[in-house]
Amino acid sequence: MQLTDRQQIILDIVKREGPITGEQIADRLNLTRATLRPDMAILTMSGMLEARPRVGYFHSGKKPGRVLAEKLHQVKVGEVKSVPVVVPEKCTVYDAVVTMFIEDVGTLFVVREGGFLEGIVSRKDLLKTTLGGQDIHKLPLGVIMTRMPNIIYAEPDESVWEAARKLINHEVDALPVVKANAQEDGAMVFEVIGRFSKTNITRLFVELGEGDY
C-alpha cells in the first residue's frame, strides 16, 4: 500500500505522540479535522492506526505488508470464488478443447450428475493428448483426466492465503471450490460450487490496493 506524503506525516506524528486525538493531529498540520478525515479513514481501515473513543489514535505497530498478510488470512475463498466451468466425463477431448477456448480458462472440472467432482483436465493435458495422434473427436475426457483422490481442491471456508499456497505448491492454474457431502454409505462426495484461480487472487490484490475490500 502506497501512502501519500500527508498520510506518512500523520503516521509519524501518531508514532511519536500517540495516543493523540484527531483535533491535535489537525493542529499539528494546520488543517481542519474535516480535511484530514479521508486520510485518517484510510490509515485506520488499513490497520496501521487504531482508534479508541475518548483516547485517540495510536500506532498499531503493523507494517503495510503485515496488514496485507492478515487480510489474506481473513478473506475466505467463498468470498472471492468465481463461477466454475464444468463438463461431463463423457465429453470428448475435442469438445473439451472447444469449451476451454470459448470460456477462456486453463482448467476444466469434470462432474457427474448432481455436479459432483469426478476429475480435472488442464490445458497441458489437452495439449499433450492432441499432439499424441489420437482421435480427439472420439476419445472421452474420462480417459485422460486426473481423478480423485489426486485432485487438489479448496473449500469455501479456508483462507485465500491457504488456497493460494496450494496453487503455488502444486503448480496448478485453478482449484475447484467444493462442498463435501456424505452419502448414505458414508462415502464422501464433493459438489463443485466454484473456482479459485490466479485471476481471483489478482483481482483481490487490486481491490485491496484500491481500498475496496
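Helix axes here are lines fitted to C-alpha atoms over the stretch in contact, with angles running from 0 to 180 degrees between N-to-C directions. Helices (H or I, at least four residues) and strands (E, at least two) are DSSP runs, numbered from the N terminus.

A quick word on the model: it is predicted, so local features need pLDDT of at least 70 and side-chain atom pairs count only at pLDDT 80 or more, while totals for chains, interfaces and linings use all residues. Residues are numbered from 1 along each chain as its sequence is written, and side-chain values use heavy atoms, leaving out hydrogens and water.

Overall, the chain has nine helices and eight strands. Its radius of gyration (over C-alpha atoms) is 24 Å, well over the 17 Å that the globule rule (2.2 Å times the number of residues to the power 0.38) gives for 213 residues, so the chain is more spread out than a compact globule. Along the principal axes, the C-alpha atoms fill a box of roughly 75 × 40 × 25 Å.

The axes of H6 and H7 come within 11 Å and cross at roughly 135 degrees.

| Helix | Residues in helix | Contact residues |
|---|---|---|
| H6 | residues 93-103 | Val93, Ala96, Val97, Met100 |
| H7 | residues 123-130 | Arg123, Leu126, Thr129, Thr130 |

Technical notes. Contact = heavy atoms within 4.5 Å.
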